[in-house]
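I opened this notebook to record what I looked up, entry by entry. The order runs from whole chains to single residues.

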Amino acid sequence: MSDKRFLLILPALIVLFFNSFFPILIVLNYSFQNPFAAVPRVVGWDNYIRVLHDSAWWAAFRRNMYFTGATLAIQIPLGLALALIIRERGKLASMVSAAIVLPSLIPFVSIGILWRLLSMTFGPIRLALGWLGIDYSLMTPTNAFWTLVVMDVWHWTSLVFLLMSAGLMTIPDVYYTAAKVDGSRKWQTFRYITMPGLKPLLILAALLRIIDSFKIYDENVILTGGGPGRTTEFLSLFLVRKILREWAGGFGAAASLIYLLQAIVMCFLLIMVLTRGRGMLGRQS
Amino acid sequence: MRTKAKKRARKILKIVLYLFIIFVFLFPIYFMAITGVKTRAEIETRTTFYPHTVSMHNFKQLFTGVWLRCIINSFKISLLSIALCLPLSFLAAYVFSRIEFTGDSHLYFWLITNRMAPAACFVLPFFAIYNNIGLFDTMWGLLLTYTLFNLPLSIWITMSFMEGVPKELDEAAFLDGYSVWGYFRKVLIPVMKPGLIAVAAFIWMFTWTEMIFAYTLTAVRAKTLPVQLLVTVVRLGYGVDWGMAAAGGTISVIPALILVFVVRKYLIRGFVPLRRI
């Protein structure tokens, strides 16, 4: 009877098959033709070649890379620092961590809106930077880019913080007591006890953040809309513009698949780190 | 004495730091909420940190016409998603966590890649499919597309909770003569109740938040709150009504304020596809 229970997975698989596998087949089919043209015809690998030679695609990719790098470089140390600071239990500490976590539950659109409000002409950011003698406006490429980075940091440091807090709890107190007895200095304790204990989770957090920031769309489209010009247009924005505005069916299909492939590779790395060779489902295989 | 003073100074420093962190994370939300009750003139002429003239105009607008319809749609789609995904993912998670079969880990990997894939990759095929089968701009079409992300997510969270239930419980129940369904109904579901509530909360959260598919696949009838927010903000050539956008944004944050207390303990499970850390 144990074998029949296997069938319980089918409803979920059927739904997912229709929504995931089938669409991919359609994109695959589109990517070898020019589907929205007056007379659709098969064009072979042309679409892929066009995407890979498209400077706009690579520009979007590069911008996305910079964005990911910048957010990671801030989020990881910041999340770690916050987790180290807020280690105790208590009412205030618990309130602080609730406040840190809150942004990760807010709809992405609203995150975009609230940062747009903050960075408006009559918003607090311009006022505060004005006190420092800096003239801020969202309409320059550098400012737009860094506002996006700050927004993402505000939004997702919570995730790094959560993972690090969980990681800190797994390090046995005995280690710290032993280090104290041995007269270890604070940074030594950090370097030789805390860091090694957190390492797997640090890698995990970094990978999750890389995957997510390559997907960014909602906040991007609301906060800057890819502008000024196209200087902050990341991959998703580029792709959606190509598909829904310019009706570039074949090109869009090929680009979708390349984009998807990148995500799958990242996901594969993530799983490797997560399971550490124990097999996908934690079984010995 | 000196150490005592030092200790107290450190404590005060810590409290100040805590308050600063709370301020950093809550101020933007506060600012959005108060922008919603400001008058348009106030928003567009100066920076104020509290509304000098309070106007409930924007919030009243939310409960009329297109805004109300979008909010109701968002509610509906979130509840429907829970109703569809929770049972399906419960069954699938049961199979993944209890039964070994050929290719199980490959299947699970495929599942996770779906959740991690950029939504933009699916815009083109979904648009093509749902236009052709007549589900464009309908609740049902949207519901189906959302399973792409919701199912993998809820399966992996459910699995992480199911791990906490010992497998011996299964065997004992079956020895006692329970059927599979009877075991689910009388034993497993009651045992996993808090976990399942958290899963429902996660499904709610991700459905309530979703924008890119809703933007692609709806026009009027099935439009959701995030899409309405988007079209309010992204209006080329017109003045954007920021007060309205702020009010809508504030409304969309309210479920998060409630959910943060439900799911906080389990939050990591919503982002990491693993059984336990």
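This is a predicted model: local features need pLDDT of at least 70, side-chain atom pairs count only at pLDDT 80 or more; totals for chains, interfaces and linings use all residues.

Entry 1: secondary structure. I looked up the elements of chain B and found 13 helices and 0 strands. Read from the N terminus, the pattern of chain B is therefore α-α-α-α-α-α-α-α-α-α-α-α-α. For chain A I recorded 12 helices and 0 strands.

Entry 2: dimensions. I checked the radius of gyration of chain B, which is 24 Å, whereas a compact globule of 277 residues would have one near 19 Å. Along the principal axes, the C-alpha atoms of chain B fill a box of roughly 75 × 70 × 30 Å. The C-alpha trace of chain A spans about 80 × 70 × 30 Å along its own principal axes.

Entry 3: burial and contact range. I counted a residue as buried if 20 or more other C-beta atoms lie within 10 Å of its own. On that basis, buried residues make up 46% of the 277 residues in chain B and 40% of the 285 residues in chain A. For contacts in chain B with a separation of 6 or more, I found that 74% are between residues 24 or more positions apart. In chain A, 72% of the contacts between residues at least 6 apart in sequence join residues at least 24 apart.

Entry 4: the interface between the chains. How many residues of chain A are in contact with chain B? I found 76 residues of chain A in contact with 82 residues of chain B. The side of chain A that touches chain B divides into 59 nonpolar, 12 polar and 5 charged residues.

Entry 5: the nonpolar core. I looked up the largest nonpolar core, which has 150 residues. The residues with the most contacts inside this core are I113(A), L114(A), A92(B), A120(B), V123(B), I155(B) and F202(B). Helix α7 (residues 139-162) of chain B gives the largest share of the core, 14 residues. Domain 1 (2-45) and domain 2 (63-270) of chain B both contribute residues, so the core lies between them. I then followed L114(A): leaving out residues up to four places away in sequence, L114(A) touches P28(B), I29(B), F31(B), M32(B) and G249(B).

Entry 6: the domains of chain B. The domain assignment of chain B gives domain 1 (2-45) and domain 2 (63-270). Taken over C-alpha atoms, the centres of these two domains are separated by 33 Å. I found 8 residues of domain 1 of chain B in contact with 8 residues of domain 2 of chain B. On the domain 1 side, α1 (2-37) and α2 (40-45) of chain B are the elements that give two or more residues. α1(B) gives the most to that side, with 5 residues.

Entry 7: V272(B). Where in chain B is V272(B) found? I located V272(B) in the segment after α13 (242-263) of chain B. V272(B) counts as buried because it has 23 C-beta neighbours inside 10 Å. Its C-alpha atom is 9.2 Å from that of L153(B), although V272(B) and L153(B) are 119 residues apart in sequence. Residues up to four places away in sequence aside, V272(B) touches L204(A) and L208(A).

Entry 8: positive phi values. Most residues other than glycine have a negative phi. I looked up W247(A), which has a positive phi of about 50° although it is not a glycine. W247(A) is found in the loop between α11 (235-245) and α12 (249-275) of chain A, and counts as exposed because it has 12 C-beta neighbours inside 10 Å. D137(B) is not a glycine either and has a positive phi of about 60°. I placed D137(B) in the loop between α6 (123-132) and α7 of chain B; with 16 other C-beta atoms within 10 Å, D137(B) is partly exposed.

Entry 9: helix α8 of chain A. Just after α8(A), I noted G183(A), which takes a positive phi of about 75°.

Key: Residues are numbered from 1 along each chain as its sequence is written. Chains are lettered from A and ligands numbered from 1 in the order in which they are written. Helices (H or I, at least four residues) and strands (E, at least two) are DSSP runs, numbered from the N terminus. The radius of gyration is taken over C-alpha atoms; the globule rule is 2.2 Å times the number of residues to the power 0.38. Two residues are in contact if their C-beta atoms, placed from the backbone, lie within 7 Å. Ala, Val, Leu, Ile, Met, Phe, Trp, Tyr, Cys and Pro count as nonpolar, Asp, Glu, Lys and Arg as charged, and the others, Gly among them, as polar. A nonpolar core is a set of buried Ala, Val, Leu, Ile, Met, Phe, Trp, Tyr and Cys residues joined through C-beta atoms within 7 Å. Domain bounds come from an automatic or database domain assignment.
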